[in-house]
Amino acid sequence: MIDHEPEVFEELQPPGSRRFLAVFVVVLAVGAVAFLGAQWLAGLASGSLGGDGPATTIAASPGVPATVVIPPGASARTIGNILEDEGIVASGRAFELAVRSQGVAERLAAGTYELQTSMSVDVVIGVLLEGPATESYRILVREGLRIGETLAALAEQTPWTVADYEAALASGAVQSSHLPSPVADDLRVWEGLLFPDTYEIEDDATAAEILTRLARTAEQRVAAVDWTDWQERGFTVYEGIVAASLIEAETRVDADRPSVASVIVNRLDIGMPLQIDATVLYAMDERGIGLTLDDLEIDSPYNTYQIGGLPPTPIGGPGLASLEAIADPIDSDWIYYVLTSADGSHSFTADYNEFLRWKDEAKAAGIFP
């Protein structure tokens, strides 16, 4: 009986059942292959295959803020892995391939970034090319400050000391196309070459970088002025900065600047000493005091009562209005001016007797000592 059971079993199967079973097995096999293939393709798309370790899935809601640190010297692959691990991009491998295809792998900036989850690869690349956002602070350098006062103002508003700024200037780390000499022990060569303005300074800026910013701004402001007429008078652009510093020191009212410039130009044209009190005060390292006759005898190249022409350097930092004034002075015959108003306004004349009268009236009114 046992020898004949297979035959009985075979006879009991419905016709065509074995064909159906074979087809069913094939369908199951094809389905399994398709499923595994889909899983493999999904893993490839997510960058989890290809020797980078087992597949991982980062479940992150889009738009969640995330702080990401990109270390210095990190490769595009390392950066991609960091971004994927933090959920910033879906695929670190896709990030790497995009970076390499754009040829920017060497330009991605290290640093700390405030990003969001589920960002597009192109957006993240743009952020890393721009570099990390840095904190900054604002500083103010007022017009008319002498070099020592400028450095003191910087020291009060930044992490650096006056000694740090002096060392940066003396070392040659800061340059200006208007420097009378490349490097000098006398910081007066930097008078007028650090532009007075309001600046936004990055937290990590060094003393040399801050000074360079001021020096570059001065070069730009000077270059923006049309010096044609001034140079046709036989003067250099640097001498224009010197003259502008005199205007800055002598005026408090913007409307007076082109008029004071006219007096300076007229005196220079006829060879008359400038006789500007501010230059004597600079020679004395004083401010805001009345000058005596003895003061006017001080032996200094900055004493414009004793020497002809302009002093050797500016006596402070001129602003743009003073630079523009000396480059385009009022056309007049004035060779005198005197402070005649408490608001800082001057009166101008070519008549010496009128000048003396205005001066006496101003003294009597208490306008100046």
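This is a predicted model: local features need pLDDT of at least 70, side-chain atom pairs count only at pLDDT 80 or more; totals for chains, interfaces and linings use all residues.
Next comes the empty space. Rolling a probe the size of a water molecule over the atoms shows where such space is left. Here, the largest pocket holds about 1,500 Å³. Its lining is made up of 46 residues, and the closest to the pocket centre are Glu250, Asp277, Ala278, Leu281 and His346. Helices H10 (237-250), H11 (257-270), H12 (277-284) and H14 (352-364), together with strand S5 (336-339), each give two or more residues to that lining.

Now for a few residues in the loops. Ser300 sits in the loop between H12 and helix H13 (320-327). Is Ser300 buried or exposed? Ser300 counts as buried because its relative accessibility is 12%, and the cut-off for buried is under 20%. The side chain of Ser300 reaches the backbone nitrogen of Tyr302 at 3.0 Å. Setting aside neighbours within four places in sequence, Ser300 is in contact with Ala283 and Ile307.

Asp285 is found in that loop between H12 and H13 too. With 62% relative accessibility, Asp285 counts as exposed. Its backbone stands out as well: Asp285 has a positive phi of about 55 degrees, although it is not a glycine. For context, most residues other than glycine have a negative phi. Ser118 is another non-glycine residue with a positive phi, in this case near 60 degrees. Ser118 lies in the loop between strand S2 (111-116) and helix H5 (121-130), and its relative accessible area of 42% makes it partly exposed.

Last up is Ser341, in the loop between S5 and strand S6 (346-349). Ser341 is partly exposed, as its relative accessible area comes to 23%. How far apart in space are Ser341 and Phe368, C-alpha to C-alpha? The distance is 9.5 Å, for two residues that are 27 residues apart in sequence.

Conventions. Residues are numbered from 1 along each chain as its sequence is written. Side-chain values use heavy atoms; hydrogens and water are left out. On a 1 Å grid over the protein atoms alone, a cavity is a set of points where a 1.4 Å probe fits but cannot get out, and a pocket is an open set with protein on both sides within 12 Å along at least five of seven lines; lining residues have an atom within 4 Å of a point. Grid points are joined across faces, edges and corners, and a volume is the space filled by probe spheres set on the points. Helices (H or I, at least four residues) and strands (E, at least two) are DSSP runs, numbered from the N terminus. Buried means under 20% relative accessible area, exposed over 50%, partly exposed in between (1.4 Å probe, protein chains only). A polar contact is a pair of N or O atoms within 3.5 Å; within protein, one must be able to donate a hydrogen and the other to accept it, and residues adjacent in sequence count only if both atoms are side-chain atoms. Contact means heavy atoms within 4.5 Å.
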